[in-house]
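Here's a quick briefing for anyone meeting this structure for the first time. Have a look at it, then read on.

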Amino acid sequence: MADRKVEGLWDCKYCQCKGIGGLTKECPQCGHPQDADTKFYMPGTVRYLDEETAARYGKGEDWTCSYCDTLNRYNETHCKGCGASRSESSGSYTDNQRRRMDPRQNAAQTRQETRQPVSNAQPEPARGGGKKLGIVFGVIIAVIVIAMIAIFAPRDAATKVEAKSWYRSIDVEAYVTVEESGWSVPYGGRTTYTTEEVRYYEEVLDHYEDVQVQRSRRVQDGYDTQIEYVDNGDGTFSEVEHQIPRYTTEYYYEWESEPVYVSVPVYDTYYYYDIDKWLPDRTEEASGTDDTPYWPSLNLASNEREGDRSESYSVTFVTEKSKRYAAYIPENLWNTLSIGQGAEITVSGGKVTQINDVVLSR
Ligand SMILES: [Zn+2]
Ligand SMILES: [Zn+2]
């Protein structure tokens, strides 16, 4: 079994003759000998050399004559091509392969690079139908834009003040006692009663429990035989067997102690209390359609006070074509307008934006 050998093959670079037996040192077609460019490779079908032949190979690599490039057997002292001494050797078969490797690898890489863009290129989608759709869309958008401009473009109008109105209000707050509750009593609160209630739960270790846990480990359960053919550099390959450990995953169970927790309620004092607070009570209002707004009068009880005030002033304009526009405006501007008087207004998007050169803030 040990030391099985296989005859390699080589290609002649001068006449395209391929698959020549490695032990045939000269090309059978053109007669050129194996040289520094010769690379042995394994045949498709492995056929072992007979024992006698095998014994003569795998003892040393061929060497290259530096004068004529011919490959010579390891034990030859002179080149069989030109007779030069082995001391003039330019290197072994392996040295030749190493020299050839680098340019080869580069060539392989550039080939891959040029191939990539081709595979990445995607077919361009047909464009004809999309173009028509684009034009239709463009027209629709243009129509919408024109309509928007027509609606929202500011328009000036000569009008008359048709009506005015005003509204004023004052919130009234009352100081009242309210019932509230919580985990503490704020300043001013008067406790009426308390209870003990669950405020939160605490996780407390109760006991330990034994549980089965599945685990796994890698176990070697034999070897796989891997066969490799090593280039002897003399036209033959040696068969080398490697024993590769093979692994499987084994499952097993282990007992483990796991903590078990219980929820334990934690009690605390919960307070119910009375507290005095200012709260909204009512809103006093006044309104009118005249020119003299006033604040509503307040009749405050001893536990009441005045809160927020609010006010609004509106005016309605009418055009010659009986179109009406109403607007809420500041009091000082409202005061300058009187019913029946003419007014220049600007309307934008259906809203009054300017009155007699005064621009309204939005
Ligand atoms: Zn040849
Ligand atoms: Zn030679």
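Two residues are in contact if their C-beta atoms, placed from the backbone, lie within 7 Å. By that rule, Thr-269 touches Thr-194 and Glu-196, leaving out residues up to four places away in sequence. This is a predicted model, where local features need pLDDT of at least 70, side-chain atom pairs count only at pLDDT 80 or more, and totals for chains, interfaces and linings use all residues. Residues are numbered from 1 along each chain as its sequence is written, while chains are lettered from A and ligands numbered from 1 in the order in which they are written.

**Overall layout**
- The protein chain splits into domain 1 (5-109), domain 2 (160-172 + 282-359) and domain 3 (175-226 + 243-275), with bounds from an automatic or database domain assignment.
- The centres of domain 1 and domain 3 sit 76 Å apart, taken over C-alpha atoms.
- Along the principal axes, the C-alpha atoms of the protein chain fill a box of roughly 135 × 75 × 40 Å.

**Fold and contacts**
- You'll find four helices and 14 strands in the protein chain, counted as DSSP runs (helices: H or I, at least four residues; strands: E, at least two) and numbered from the N terminus.
- Among contacts in the protein chain with a separation of 6 or more, 69% join residues 24 or more positions apart.

**A closer look at Thr-269**
- Thr-269 lies in strand 9 (residues 236-288).
- C-alpha to C-alpha, Thr-269 and Ala-158 are 73 Å apart in space, and 111 residues apart in sequence.
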